[in-house]
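Welcome to a short tour of this structure. Have a look at the sequence and the 3D view below, and then we can walk through some of the details together.

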Number of protein chains: 2
Amino acid sequence: MGKKLLETVPNYSEGRDMEKVGKIAACFKNKKGVRLLDCQTDTNHNRCVITAVGEPEALRDAVVESYGVAVEVIDMTKHEGQHPRMGAVDVVPFIPCRNTTFEDADVIAKEVAKLVGEKYEIPVFLYEDSATAPHRQNLAKIRKGQFEGMAEKLQDKALWTPDFGPDHIHPTAGVTAIGARMPLIAFNINLDTPNMEIATNIANAVKNIRGGYHFVKAIGIELKDHYSGKETVAQVSMNLVNYEKTAIYRAFEAVKMEARRYGVNVIESEIVGLVPMQSLIDCAEYYLQACAFGPMKFDAKKQIMENWLLEDEEE
Amino acid sequence: MGKKLLETVPNYSEGRDMEKVGKIAACFKNKKGVRLLDCQTDTNHNRCVITAVGEPEALRDAVVESYGVAVEVIDMTKHEGQHPRMGAVDVVPFIPCRNTTFEDADVIAKEVAKLVGEKYEIPVFLYEDSATAPHRQNLAKIRKGQFEGMAEKLQDKALWTPDFGPDHIHPTAGVTAIGARMPLIAFNINLDTPNMEIATNIANAVKNIRGGYHFVKAIGIELKDHYSGKETVAQVSMNLVNYEKTAIYRAFEAVKMEARRYGVNVIESEIVGLVPMQSLIDCAEYYLQACAFGPMKFDAKKQIMENWLLEDEEE
């Protein structure tokens with residue numbers, strides 16, 4: 001069904017100078033095989049986050065080009081902002097999107113890492129599922145010490161020799177992390193209460209770190225001026241980092257179950273940004289009790305009309 | 001996302017002679033741009049039902065070819081079977097499947113009708129959403145009198161002049177109906193009871209004709225030897241003929257609501273054959289209470305990863 005697509009969500013350390021942001025975003029505009037979906041800037045964070053999809057090679061070239069622009073327009077020695085950061089291009093994840101697997105994303109992540117190291121002399125750490133050692137998987141651990149601490153951090157050759165590029169920081173662009181990861185789903189549930197304690201308690205009950213579902217991260221967030229007219233709405237804000245193993249409907253039902261403890265109802269859920277089709281099909285199958293065993297077992301690949309491929313469309 | 005695809009489900013009046021059925025099915029095999037999904041024969045009905053998807057023109061040509069084969073191998077003057085029938089090719093619906101609309105299906109239906117009328121001298125009634133008069137929409141009304149009564153029926157020029165082809169029946173192939181329709185969803189719900197009266201009561205409560213949902217047809221069916229080991233399972237068997245207006249989840253919740261009256265639970269649902277992606281996304285949205293209003297309103301077209309198109313893939 002159509003061409004191979006990857007998604008990328010690169011983070012750049014510039015969120016105030018819109019001319020500079022525009023130059024970065026331009027790398028993803030009017031490029032054959034690439035589509036810019038979103039460019040969010042945050043002046044407090046002094047950071048911008050681009051979302052783009054594209055054919056793997058086209059997306060690779062756009063990202064590499066954006067490194068060139070960022071090196072030119074961003075000087076990390078002068079950067080300040082509330083969000084932790086270690087480089088002009090702080091972090092670039094590649095995510096399988098359509099007709100692509102984790103392996104496709106991993107290949108492109110490593111090609112970009114190699115090109116960026118060679119062309120711009122920026123040291124690159126492969127992170128997330130592309131990481132070359134367990135202590136390099138978690139971005140927060142790589143970034144610890146931030147830009148200001150990176151020169152010293154890279155002295156520790158045993159732990160922090162970069163995967164690509166030089167073994168010392170780029171003087172103005174610092175260090176960067178590139179890697180492949182599976183799609184994560186940003187999933188928020190709005191509660192019919194302004195009570196933040198309830199949202200926080202529910203978040204704690206469902207999140208992995210506090211004993212909840214393995215692939216759920218969650219916090220309570222206070223929403224102001226809800227469109228319904230409610231002044232304050234308490235929200236359980238989640239990241240579902242593996243929808244195959246911790247399905248959306250499980251997180252949803254877990255939050256509803258916890259909310260009952262407080263006599264609180266769910267107003268609605270919000271799916272923020274991109275979501276893989278299969279994660280929603282999984283929900284439909286669950287709630288419809290679509291046959292899970294026996295001869296009538298539902299087969300999304302064969303039974304969903306749009307999934308049918310002609311011979312010459314097959315990979 | 002890929003090429004345009006239509007679905008077709010032609011019905012032929014031959015379900016006993018597998019050599020003849022094989023010749024008909026062969027029209028849909030090894031044809032570029034066409035894929036045979038299913039070929040079901042029923043010896044009681046003496047009928048076979050083919051399911052195929054394909055690019056509109058390729059599918060058109062395969063169906064027209066199959067008319068030629070059917071005319072050759074089927075003699076309606078000698079046909080007997082339990083299912084009502086009026087022609088060698090009894091009825092051919094075309095259904096939008098992927099990147100196609102009702103209009104695409106309608107165009108192909110009329111092209112096939114014209115070709116069949118000219119090439120094989122079979123009178124064609126356009127039916128369903130392609131019908132040229134309200135009394136010709138319903139297949140049962142067109143087919144009333146069956147093959148044996150068609151010669152006389154066509155004497156009534158005011159009501160039954162064919163849309164294409166001659167104004168008299170084909171001596172051995174009779175009459176045929178061709179038309180476009182929206183996808184229907186065959187949706188069964190298995191109840192945790194063997195009591196058929198309950199299934200029939202529920203079917204009656206949810207079906208259009210008895211005051212239920214507008215686009216639901218339903219009957220109670222007795223399932224023998226359920227895979228779970230239950231000897232008999234009562235089933236509510238439905239056709240949802242417009243999933244945009246009567247959604248799957250509405251039919252499902254209506255059956256559950258009625259079943260509560262009898263203290264009966266739902267074991268599972270069965271989705272039989274093809275189902276449009278959107279109908280399942282609608283269920284996920286409903287059950288997850290995905291934001292229906294306000295700035296976070298869920299937009300399947302933009303938020304489902306696989307739905308993103310590159311410029312050159314757009315229609």
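## How the two chains meet

A salt bridge is a side-chain nitrogen of Lys or Arg within 4 Å of a carboxyl oxygen of Asp or Glu. Please keep in mind that this is a predicted model. With that rule, the count between chain A and chain B is 0 salt bridges. Polar contacts do occur there: 22 residue pairs, both at pLDDT 80 or more, link chain A and chain B in this way.

Which elements give two or more residues to the side of chain A that touches chain B? They are β1 (5-8), β3 (34-42), β4 (47-54), β5 (89-98), α8, β11, α9 and α10 (300-303) of chain A. Of these, β11(A) gives the most, with 7 residues.

## The buried area

The size of an interface is often given as the accessible area lost when the parts come together. Here the area buried between chain A and chain B is about 5500 Å², and carbon and sulfur atoms give 65% of that area. On the chain A side, A:M277, A:L288 and A:M305 lose the most area to chain B, together 15% of what that side buries. As for residues, 63 from chain A and 63 from chain B take part in the contact.

## A serine in strand β11 of chain B

B:S269 sits in strand β11 (residues 266-272) of chain B. Is B:S269 buried or exposed? Its relative accessible area is 0%, so B:S269 is buried. Leaving aside neighbours within four places in sequence, B:S269 is in contact with A:L288, A:Q289, A:A290 and A:C291 from chain A, and with B:F187, B:N188, B:I189 and B:F252 from chain B.

## Helix α8 of chain A

Helix α8 of chain A covers residues 248-260. Because 13 residues at 1.5 Å a residue should span 18 Å, the 19 Å between the end C-alpha atoms agrees with expectation.

The buried residues of α8(A) are A:I248, A:Y249, A:A251, A:F252, A:A254, A:V255 and A:A259. They pack against β8 (185-191), α7 (196-206), β10 (232-240), β11 (266-272) and α9 (277-287) of chain A, together with α9 (277-287) of chain B.

B:C39 counts as partly exposed, because its relative accessibility is 30%.

For B:C283, the closest cysteine sulfur is in A:C283, 11 Å away and therefore too far for a bond. At 0% relative accessibility, B:C283 counts as buried.

Notes:
Residues are numbered from 1 along each chain as its sequence is written. Chains are lettered from A and ligands numbered from 1 in the order in which they are written. This is a predicted model: local features need pLDDT of at least 70, side-chain atom pairs count only at pLDDT 80 or more; totals for chains, interfaces and linings use all residues. Side-chain values use heavy atoms; hydrogens and water are left out. Helices (H or I, at least four residues) and strands (E, at least two) are DSSP runs, numbered from the N terminus. The expected span of a helix is 1.5 Å times one less than its number of residues. Buried means under 20% relative accessible area, exposed over 50%, partly exposed in between (1.4 Å probe, protein chains only). Contact means heavy atoms within 4.5 Å. A disulfide is a pair of cysteine sulfur atoms within 2.5 Å. Buried area is the accessible area (1.4 Å probe) that two parts lose on being put together, summed over both. A polar contact is a pair of N or O atoms within 3.5 Å; within protein, one must be able to donate a hydrogen and the other to accept it, and residues adjacent in sequence count only if both atoms are side-chain atoms.
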